[in-house]
Amino acid sequence: MNQPLPLQCTSLNFRDLQFAQAMLFAIEEINNSTDLLPGLSVGYKIYDTCGSVARSVGVTLALANGNENVSVPSKTSCTKPAYVQAIIGETSSSPTIAVATVIGPFFVPVISHFATCACLSDKTKYPSFLRTIPSDYYQSRALAHLVKYFRWTWVGAIRSNNDYGNNGMATFTETAQQLGVCLEYSVSFFRTDPYAKIQRILDIIKASTSRVIVAFLSRADLNVLLPEFSYHNLSGYQWIGSESWIFDSQTAEMDIHHILNGSIGLSIPKAHITGLREFILDEKPLKSSNNELFTEVWETLFSCKFKELKSSADIQRECTGHEDMTGVQNSFIDMSLMPLFNNVYKGVYAVAHALHNILSCNKTCNKTVQLDPFMVLQHIQKIHFTTKEGDEVHFNENGDPAAKYDIINWQPRENGTVEFVTVGLYDVSLTTEKQLKLQNKSLIWARNSKQEPVSVCSEKCRPGTRKVLQKGRPVCCYDCIRCAEGEISNITDSVTCVRCLPEFWSNERRDACIKKEAVFLSYEEIMGALLTAVALFGACMAIGVILIFFKYRKTPIVRANNSELSFLLLFSLILCFLCSLTFIGQPSDWSCMFRHVAFGITFVLCISCLLGKTIVVLMAFRATRPGSNVKKWFGQTQQRLCVTAFTLIQVIICIIWLTTSPPFPFKNFKEIKDKITLECALGSVVGFWAVLGYIGLLAILCFIFAFLARKLPDNFNEAKFITFSMLIFSVVWITFIPAYISSPGKFSVAVEIFAILASSFGLLICIFIPKCYIILLKPENNTKRNMMGKKVPNSL
């Protein structure tokens, strides 16, 4: 087994070199300052970790042990190098986690300018870690709120397969779910993954239906994927970017096919450090304290070799060390990362301010104080100062700064370049509803469109429908089901339909409750008008019969069988016809009570008269037998008492009914689902059936007596007519009961009116029309002799 080769750095990372330059600039400012650490100079060591976690850990252990290698021998004799008080770095999250883990037990402050993993806020694991860039906890939540702001509920996600991407995407996913945003897919990638992994990511994106991709990627990972996206022409997707690449000019230069045009994301707010740009550009290898490092930088920038270092094999031209940087196109002179340089700058000043406080510096510092990293850490955690550019620097209990982000939009220009336009702000220090603020600037979307893209799994459910989740799919995928009758939804994407109040019903669109139409048997509708006309016609017929009987009141057929009862019967029939009118119209307290009482009493009066007439007929012919005194026991006085007594019993029943539980108006919501049926509730059901039962009892008695008198002389057929009328009466009311129960709403009232009118017409026609026929058309038969059943001799 061969030992693995040692790690070798093969190329310069100009970005990290710029960060080192920013640190040097801050240190020189501090050392030249008379206000901060007067009379003291801050020293430093710069280590190149080559982006390696292992190398980062090795350097950290060396710093913690106090025996790190010194690349430049010190002229001052000493037995041990100075113990390190703070570490500025690392740049990315994974190496920083390793550094913070190793150095944590020693409580040496580690201040990072670009390690954003939210996991680093855990003080139990990383007690000495601080940073000048906000935690991804805030960035991830901000990205989720940004996606929600544009109403994108169906998105895809790509993340770096490291601490930065995995932790950041975990927080984004959690927040997105709380906001109702669903991820169609979430894939991870690291720049060393095989091509098969890239192909799988491409296949997933092509097969997806979401049009928005959240890219929580490091710049290095995206730069590996971007050429493949361009080759497969994955254009038309709206990219949402994290601060790692959204304002990176090199990434924009690589995007030659403009795949990322229109991207929107979060970046560290713009910053400016006076003099830093000039400091970086003015660095010369011949005057630099890090001569060897900047010699290599210079040779790379100008493709030349210094004379003492060149070899005959690869000389292009000789470096003088005075070349002009103005026309050089290289990331070393790119100042687009000034916000990150500012983070390095603030980190160095945080250490300086902590030392200033520990050493009780005023015009001079107390140099006798023995510095201790834990003491430095405690003071750094408490510092609160303002830089010369006006930026406040302080840390919360987790070692994080205040979270504030610019919202950046990639907007292409006519020359083919991309401009990073600030279109909004996300500030965690504000109230929740004010944290995200987009300025009134026109955004450019994917494919340079000015139309905001749509990315949803299912279209919004309009009012009148509700969402029903699709089985086995995320909550953002649903079907829109129309609300049932009587239910509404008046908002978009309602998850439930709300049932209308009993007096209301849903409209046709199912988005509003409208008041139900009140339904009752009215005089205006055809059925009500017809029944009214028939009732009035019946009453008029009864009045007509009364007039005929009154005119011929002295004739035998009128005088026979007690004309007084006949007139009373006709009067009661008029009342029967008219009482049916009380059932028509909107029910009220008085109408409900009156209609049933009037019906019950008038019909009992009518049947009582018939019962009296039947008894009179029966007694009259019984009285013709010799020695019979029946007539004196059932004279006119007895007949009046009989009718009064029978009617009085019904009156008593009605009074008891009205005083205990009378009928009352009732709104029936169940009979017809989309209408209100106005009815008269019976109150006491026992009372109602007692009234009907008493009428039925009298009708049965009347029928029995009339049946017993059926064999009386043919010429006097009063008993036969009463028998037939009672038969019709009974049939009508027997059929009424099932018809009444089965008829809905106002039709049950119509059935009751029909039964009243039918039975009234039956009595009127069967009993009085034959007599009227004899009176008007057969007057020769209207004689006492004929009424007694005696035949008239034939005339010669």
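Mentor: Two strands pair if DSSP finds at least two bridges between them. Helices (H or I, at least four residues) and strands (E, at least two) are themselves DSSP runs, numbered from the N terminus. What we're looking at is a predicted model, where local features need pLDDT of at least 70, side-chain atom pairs count only at pLDDT 80 or more, and totals for chains, interfaces and linings use all residues. Residues are numbered from 1 along each chain as its sequence is written, and side-chain values use heavy atoms, with hydrogens and water left out.

Trainee: OK, how many helices and strands does the chain have?

Mentor: Start with the overall picture: the chain has 796 residues, and 49% of them are buried (under 20% relative accessible area; exposed is over 50%, partly exposed in between, with a 1.4 Å probe and protein chains only). Take contacts (heavy atoms within 4.5 Å) with a separation of 6 or more, and 68% of them join residues 24 or more positions apart. The secondary structure comes to 22 helices and 22 strands.

Trainee: In β11, which residue is the bridge partner of G265?

Mentor: Strand β8 (residues 264-267) pairs with strand β11 (residues 404-412) in the antiparallel sense, over 4 bridges. In β11, the partner of G265 is I408.

Trainee: Which residue in the turn of the β11 and β12 hairpin has a positive phi?

Mentor: β11 and β12 are antiparallel over 9 bridges, and W410 stands opposite F420 in β12. The hairpin leaves 5 residues between the two strands, and the one with a positive phi, about 90°, is G416.

Trainee: Which residue in β13 is the bridge partner of Y426?

Mentor: Strand β12 (residues 418-427) is mostly covered, with 7 of its 10 residues buried. It runs antiparallel to β13, joined by 3 bridges. The partner of Y426 in β13 is L436.

Trainee: Moving on to disulfides, is C480 buried or partly exposed?

Mentor: The structure holds 8 disulfides (cysteine sulfur atoms within 2.5 Å), and C461 and C480 form one of them, with sulfurs 2.0 Å apart. The link is left-handed, at -90° about the S-S bond. It joins distant parts of the chain, with C461 in the loop between β13 (436-438) and β14 (465-469) and C480 in strand β15 (residues 478-482), 19 residues apart. C461 is buried at 0%, whereas C480, at 37%, is partly exposed.

Trainee: Why is the disulfide of C500 and C513 left-handed?

Mentor: The sulfur atoms of C500 and C513 are 1.9 Å apart. C500 lies in the loop between β17 (498-499) and β18 (504-506) and C513 in strand β19 (residues 513-515), so the pair ties together parts 13 residues apart in sequence. C500 is buried at 9%, while C513 is partly exposed at 30%. The disulfide is left-handed because the torsion about its S-S bond is about -90°.

Trainee: How many residues apart in sequence are the parts that C592 and C680 tie together?

Mentor: C592 and C680 form a disulfide with sulfurs 1.9 Å apart, and both residues are buried. C592 lies in helix α16 (residues 589-622) and C680 in strand β22 (residues 675-681), so the sequence separation is 88 residues.

Trainee: Which element gives the largest share of the lining of the largest cavity?

Mentor: There is 1 cavity of 30 Å³ or more, and about 40 Å³ of space lies in the largest cavity. Its lining includes F520, R595, L678, E679, C680 and V749. The largest share, 3 residues, comes from β22.

How values were computed. On a 1 Å grid over the protein atoms alone, a cavity is a set of points where a 1.4 Å probe fits but cannot get out, and a pocket is an open set with protein on both sides within 12 Å along at least five of seven lines; lining residues have an atom within 4 Å of a point. Grid points are joined across faces, edges and corners, and a volume is the space filled by probe spheres set on the points.
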